[in-house]
Amino acid sequence: MTDLKLAPSFSLIALNAQRSLHMTTVKRVSLRCMAAAVILELYLEGCFTQSENKLTLRKEALEQSHSTLYRETVLQPVLHKSAEVKGDLNWWLKKASMLSNKQLKKFEAAISDDLKAMNLLDDIPSLLGSDMFFESAEVEIRVYRSNIEAYTSITENIRAEILEEGPVTDEVICMLWLLRECGCMHDFFSLNELERVNIKLHDLYQSNLWAKALFPTQIRHGIELGVKRFLVLKSKFAKTFIGSSINYLFPALERSQAVFIETEAWFDNSDKRLDAVITRLNSYGHEVKVIKRGSIATLKIDNLLYDALPHFVVMNVPIQGVRLVPKHPL
């Protein structure tokens, strides 16, 4: 298990496979949640003074907590020149999530630089760039790739605490809320598991004071709510108020693209064809692990799972290859 604070830990999940050079709407959603994670991180560390339901943050306390640049990029627009700022938890989380595009970019640079310095984050060519039909108009597309061991450790820890019997830590309660707001639940839980997650969220809300304070807060914004309505058919498992939008799949849209990787030769053997595709992906800088071979193989590429379907297209001549189709949950 990585020994990371909450915001960097959640950022490893939120930034993975996101475009690093462009501010997409999907990445903006992730950055808003990452900024909210900074507030939760400060709260868990006791940096706020609490009086009734108000949380007060003083600059003095921040300086004494050995603040880092990524914290400062979130807090500076909120504090301005004030010696202290007061608000309830809902106010703080919404305030952090409403940073401007310019402030979000500054925050992204600060936290991604921190993660890169710890060798926990890479910047690699997008898998989409390996697609034979991809035309970029000379626009370079690069994506973040989280360290595979750290990424797996964080996500498996969340799954274990939620799906197994036993207490749930405040950190994992924060992670659940962040995943819900980020719309990434389906990346880590199957449809059957989402029903259990929904029940767990409801039980935590009923029995845990921290969950009761945090779960009612929502930080989503206009366009996200529009997409939520578009995906209303996915709401089958949102059976409680606290679990509402658990299947809020907006960030999944950009991860749903299938990619066609052609081979340089024609293979009668499916294993040799798959090996040729893996060699090509490795040459582009992707880390590939074969989870299952067979007529439809399963590959783990840069933390994401894909079904690899044999495929060919007819151009001037038939071209053989493999179509990579994203697979959920991870």
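Residues are numbered from 1 along each chain as its sequence is written, and side-chain values use heavy atoms, with hydrogens and water left out. Because the model is predicted, local features need pLDDT of at least 70 and side-chain atom pairs count only at pLDDT 80 or more, while totals for chains, interfaces and linings use all residues.

**View 1. Helix H13 and its span.** H13 runs over residues 270-283, where helices are DSSP runs of H or I with at least four residues and strands are runs of E with at least two, numbered from the N terminus. Its 14 residues reach 20 Å from first to last C-alpha, close to the 20 Å expected at 1.5 Å times one less than the number of residues.

**View 2. The buried side of H13.** Arg273, Leu274, Val277, Ile278, Arg280 and Leu281 are buried (under 20% relative accessible area, with exposed meaning over 50% and partly exposed in between, for a 1.4 Å probe and protein chains only). The buried residues of H13 pack against strands S6, S7, S8, S9 and S10, contact meaning heavy atoms within 4.5 Å.

**View 3. The opposite face and Ser283.** Lys272, Thr279 and Ser283 are exposed on the face of H13 turned away from its buried side. Ser283 counts as exposed because its relative accessibility is 56%, and a polar atom of its side chain lies 2.5 Å from the backbone oxygen of Arg280.

**View 4. The ends of H13.** Asn269 caps the N-terminal end, with a side-chain oxygen 2.7 Å from the backbone nitrogen of Asp271. Just after H13, Gly285 takes a positive phi of about 95 degrees.

Note on methods:
Polar contact = N/O pair within 3.5 Å; in protein donor to acceptor, adjacent residues only side chain to side chain.
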